[in-house]
Amino acid sequence: MTEHEVVPVIPAQGRGFRAYSAKHLDQLIARAGLSESERLAVRAVATVLPFRTNDYVVDRLIDWAAAPDDPIYRLVFPQADMLPAEDIKPIADMLARGAPDREIQAAARGLRMRLNPHPAGQLALNIPEIADEPLPGVQHKYPETVLVFPKQGQTCHAYCTYCFRWAQFVGEPDLKMATDDMARVVAYLQSHQEVTSVLITGGDPMIMGAGVLRHYIEPLLDPRLEHIESIRIGTKSLAYWPQRFVTDPDADETLELFEKVLAAGKTLALMAHFSHPRELDPPQVATAAERIRATGAIIRTQAPLIRTINDDAQTWQVMWRAHLRMGMVPYYMFVERDTGPQGYFAVPLARAVEIFRDAYSSVSGLCRTVRGPSMSATPGKVCIDGVAEIAGQRVFVLHMIQARDPSLVGRPFFAEFDPSAVWLTDLRPAFADRFPFEPDPADATGLWQEELLPAG
Ligand SMILES: *Cc1c(COP(=O)(O)O)cnc(C)c1O
Ligand code: SF4
């Protein structure tokens, strides 16, 4: 078989969307020139971390001549060294000797539980209650914004290797958090007049067809929810499947739904995840952005900074400028979260702040809407503003963009400079015995410290 016959693409019928999963992995990575033992190690990683891609990513985005070093290849294909060799070897051996699936799954599961599947205390901490009953599939961390995880939106058109939501994709029922009960979501929002923004997230909500998406969006247009000023949809579909807005059978119906949000007097924002400027090259992306904006919706862009994928200023500068040309507004540069293979993708905070500054300083003011590098940690979104020398001491200058306690937002604070720190938990306060978001030891419950510890 030639490479293109590996998995035939269904002709443009219906969505024409063709997903590739772990069972196609070996043939796909052979195309990147990996040896048999390397392929075995990659397959072993893929028993632990989720793998899914599609024909558009494989045929249009990846530069196979540059694989396995190609950034888009690295964005979706597991790497042999993403997890420690001593953890992966036993699973690779099981695969090699054709061990029973049950045995392989048990080993994979054990490894997963050690990877901090729900960072930033998300599972227990941010689930709200209504009438003393928890409301799973909803998170309410910052007063003005509620997150909704739709049940049918917990997958994506392709999975990013660095995804912090990876635990939701691996079929561990107790790790999933999603809802389809919009009546309860509406009741919750009605009793929380401080909420002005609802962020529909996943997975990728745009994996849902227009009919299902309507089930989640229309209830938010209820006149009783006048205080909800904006609806946001977090999505990577513009990068992984722009056809969703152009040629898919329900593309027009989806855009009509967007128009309906605008007609109800609310702002609709697509929070578009783009990891690399290559994702903006196919002409469908500009067309999709144009069609979305023609509904009156706005597009804001965000991505984490990832080692070996986008860890240089030039990449971000080129990406932000391309966004602007397509009418999209740069929003956040995130620091990779403390979950999954973080050690593999982490960029030191000292380097992250240099990359951000070098990119930021070389784009026009119209792109300087972007904020970062920002860590979404338990106490809130912490932005690293820079490195300074104060009273003879080298420190990180930080501020909170978002905080559980809104009175902490926008107040500068300091941490001891540490060239190897990659996350908030690596930092020590400077000129103070605790960070502003840490409880006063005099009335401490110790809660914050416990939450930041890995789950297992
Ligand atoms: C980032 C984030 C939000 C939205 O914050 P904005 O600064 O308004 O984009 C809301 N909830 C959680 C849990 C978040 O991490
Ligand atoms: S698109 Fe988002 S949710 Fe989906 S795999 Fe990538 S980072 Fe995770």
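Me: How do you know that the span of helix α15 agrees with its 12 residues?

Reply: This is a predicted model, and the check is made on its C-alpha atoms. The expected span is 1.5 Å times one less than the number of residues. For the 12 residues of α15, residues 349-360, that gives 16 Å, and the end C-alpha atoms are 16 Å apart, so the two values agree.

Me: Which residues of α15 are called buried, and what makes them so?

Reply: Buried means under 20% relative accessible area. In α15, the residues that count as buried are Leu 349, Ala 350, Ala 352, Val 353, Ile 355, Phe 356 and Ala 359.

Me: What do the buried residues of α15 pack against?

Reply: They pack against one helix, α13 (313-325), and against the strands β10 (298-305), β11, β12 (371-377), β13 (380-390) and β14 (393-403). Contact here means heavy atoms within 4.5 Å.

Me: How many helices and strands does the chain have, and how much of the chain is buried?

Reply: The chain has 16 helices and 15 strands. Of its 456 residues, 57% count as buried. The accessible surface of the chain is about 18900 Å², and carbon and sulfur atoms hold 52% of that.

Me: Which residues are around ligand 1, and which strands supply at least two of the shell?

Reply: Around ligand 1 are Lys 141, Tyr 142, Thr 145, Leu 147, Arg 232, Tyr 331, Tyr 332, Lys 381 and Gln 402. Strands β5 (138-142), β6 (145-148) and β11 (329-335) each supply at least two residues of this shell. The shell divides into 4 nonpolar, 2 polar and 3 charged residues.

Me: What makes the residues around ligand 2 divide as they do into nonpolar, polar and charged?

Reply: The residues around ligand 2 are Cys 156, Tyr 159, Cys 160, Cys 163, Phe 169, Gly 203, Lys 236 and His 273. Cys, Tyr and Phe count as nonpolar, Lys as charged, and Gly and the others as polar. The shell therefore divides into 5 nonpolar, 2 polar and 1 charged.

Note on methods
Residues numbered from 1 in each chain as written. Chains lettered and ligands numbered in written order. Predicted model: local features only at pLDDT ≥ 70, side-chain atom pairs only at ≥ 80, totals over all residues. Heavy atoms only, no water. Near = heavy atom within 4 Å. Helix = DSSP H or I, 4+ residues; strand = E, 2+ residues; numbered from the N terminus. Buried < 20%, exposed > 50% of the residue type's maximum accessible area, 1.4 Å probe, protein only. Areas by Shrake-Rupley, 256 points an atom, 1.4 Å probe, with all protein chains shown as cover.
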